[in-house]
Amino acid sequence: MRKFETRQSFFVAYNVLLMIRRTCASVIALVWLFCVSCESKGIESPANLNGTTQASTSAKASSAEVATIRRDVEWLSDDAREGRLPGTRGAEESADYIEARFKSLQLQPAFAGFYRQPFTMTGVTRIAPATFLKASGQPLDIDKQFRPLSFSAVGTFEGDVVFAGYGVTSEKYKYDDYANVNVQGKVVLAMRFEPHDARGRSRFTGGEFSEAATIPRKAQAALAKGAIALLLVNPPANHPEEAPLRPFVAEGARFAEAGIPVVSVAPEVADKLLGGLALSALQKSIDEEGTPRSFVINTARVTGKVDLETTAFPTANVAAILPGKGPAAQEYVVVGAHYDHIGRGKFSSRKPESGLIHNGADDNASGVSAMLAVAEQLAAEGPLQRSVLFVAFSGEETGLIGSVFFVNHPPVTIDKMVAMLNLDMVGRVRQENLFIGGGGTRAAFKQILADADATSPLQFKSIGEGGMGPSDHQAFALKKVPVLFLFSGIHAQYHHPDDDANLINYDGLAEVSDVTRAIIERLAASPREQYVDVFDSQMMLTEFDPSATTKPTTQQTHIARASLGVIPDYGTDLGKDGVRIGGAVPNSPAAKAGLTEGDVLVGWNDSKINNLYDLTDLLAKAVPGDEVNIHFRRGETTRIIRVTLSARRANN
């Protein structure tokens, strides 16, 4: 990532080039605001998740405020924005829109006269023409017989071929395809997945495939053993739904590369390399015996090159300042929300094969709209004792890229930031529950939150006292800025094409805006305090079921964690009476066992499940492959099912 703070000429040029567009956007926003101001009544609330109409319960949230919030959400999550993927027209238009809203409120630009903080994100755009693969001197057809993966390293390779079974190394399952073969300086040919049982499931777990079966793990294992390239082929006896070649995913920022070239090859290529041996026979032997069958193929040699075109595309954070008044005016309360989303879902989607626009109404048009509502409210009230810095981040979905860039190149020094409030997915308030993370990162937060809770219709529920969690506040917590994370809960439409504006609880979102404003007003008047890190060893509970709720973070690991695959109904607090679920992740252990929306989990083997904390602890102690008796209540009947826990969802 280029550090444009040292390149003022680019910074100015970027903003000058956008000046005409931004001026037009400002005019559009002002016209829009005039129309909204004329509409102060008659706003009909959407149906909530239970199918009933939600009426406003907030004494503060006027119909005009609700209307403005609704219009912001609907504009940002319209199909015309195409999912707000950074680097696309929809994301740029969203940045224009947010900037125009800041200007209409007469907020000051945060970056030396500009509202934008440009930075770049790198994406792999396509396979370059120089890419080729030859098997024993014979050229192969790209996209028919082979295709490199988008996370492949680039480079040329040539070497003898080693068949390494599934290319799996697992201490846990006492299996190693590399145990008795030397692949140093050679090209590895391996099947995808891992040894299968008679039902076509993992021989290791009896169910979902383990973390060792993922393509990144296979590449990591081959690299560690000294291989110069990895060729992957589908196992012929299983997974008929899989295309012969893995798709090349060109959308989204690149997190990392494999370290060696990684190429998907068609079954006929694998058979050609194996000479007289049949891949199907080798798979059958490995699957039935559970024993590696790796060997050097003396008759095969491969030459190839992977060349991928990448593009460093521009995007930007958008920020504005409401100046304070008084001795502490040079200190800042930061309010943030990310405006990016995942486009058509080619990465990080729960339905990636759809190709549909993922509008991200809750994630995170809701947070941006709440932030804008807070800005409007505070601008109308006049200056506080401290300044307020409003930031709309880009690049959150691809690893907190925008917020990390922001804290590394802040418009005001970090030591001037007294606290940061992060609004991410706050549009699906249910039963007046609002989840708060980071409440232990500053001593005064406890009383401030208690006071805000007492005067709001919302009921605060803690999801963790520390500052570590999968959203933009974490970037500030790592800089020792006290943080609060406001969150209305995971739902079945998370990272799904159905996260649309009609499902937002607009009255609840207005209540979130009101309570955020109340917290800011207290922080602006309170003595500043140091960051408290005693709780940072534990992540927030938004990740309690990784397969359903994990967002990419800058601290991703490859440690296998157990997953049941339930989507919790955060909006329903049963106290000590179990955990109600809002659904099950497709193809997860929970879904396969028949768990469905409305079921209440009450037991795990001999342990009782009272609440989310109990379920979190039990999942943390489990490992993929464990068999568990789940006790659950459906209606008035309590039942028991046996499930085999899987690893968190990964790219097999």
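The structure is a predicted model, in which local features need pLDDT of at least 70 and side-chain atom pairs count only at pLDDT 80 or more, while totals for chains, interfaces and linings use all residues. Residues are numbered from 1 along each chain as its sequence is written, and side-chain values use heavy atoms, with hydrogens and water left out. The protein chain holds 15 helices and 27 strands, where helices (H or I, at least four residues) and strands (E, at least two) are DSSP runs numbered from the N terminus.

**The chain as a whole**

- Of the 652 residues in the protein chain, 58% count as buried, a term that stands for under 20% relative accessible area, with exposed meaning over 50% and partly exposed lying in between (1.4 Å probe, protein chains only).
- Contact here means heavy atoms within 4.5 Å, and among contacts between residues at least 6 apart in sequence, 80% join residues at least 24 apart.

**Confidence**

- The mean pLDDT of the protein chain, which is the predictor's confidence in each residue from 0 to 100, is 84, and 82% of the residues reach 70 or more.
- Over residues 1-60 the pLDDT is below 50, although this stretch has 100 contacts in the model beyond near neighbours in sequence.
- Residues 542-560 also have pLDDT under 50, and for them the model has 73 contacts beyond four places in sequence.
- Where pLDDT is low, the predicted coordinates should not be read in detail.

- Strand 15 (residues 387-393) is largely enclosed by the rest of the structure, because seven of its seven residues are buried.
- Both of its faces are covered, with Ser-387, Leu-389, Val-391 and Phe-393 buried on one side and Val-388, Phe-390 and Ala-392 buried on the other.
- Strand 13 (residues 308-322) runs antiparallel to strand 15 and is joined to it by five bridges; two strands are said to pair if DSSP finds at least two bridges between them.
- Strand 14 (residues 332-338) runs parallel to strand 15 and is joined to it by seven bridges.
- Within strand 15, Phe-390 is the bridge partner of Ala-320, and Val-391 is the bridge partner of Gly-336.

**Phe-102**

- Phe-102 is found in helix 4 (residues 89-104), and it is buried, with a relative accessible area of 0%.
- Leaving aside residues up to four places away in sequence, Phe-102 touches several residues, including Val-318, Ala-320, Met-371 and Phe-390.
- Phe-102 and Ala-375 lie 273 residues apart in sequence, and their C-alpha atoms are 8.0 Å apart in space.

**Strand 6 and its partners**

- Strand 6 (residues 155-163) pairs with strand 12 (residues 295-306) in the antiparallel sense over nine bridges, and Gly-304 in strand 12 is the bridge partner of Phe-157.
- Strand 6 also runs parallel to strand 9 (residues 187-191), to which three bridges join it, and Phe-163 stands opposite Leu-189 in strand 9.

**Helix 12**

- Helix 12 (residues 506-525) has 20 residues and should span 28 Å at 1.5 Å a residue, which agrees with the 29 Å between its end C-alpha atoms; the expected span is 1.5 Å times one less than the number of residues.
- Since 17 of its 20 residues are buried, helix 12 is largely enclosed by the rest of the structure.
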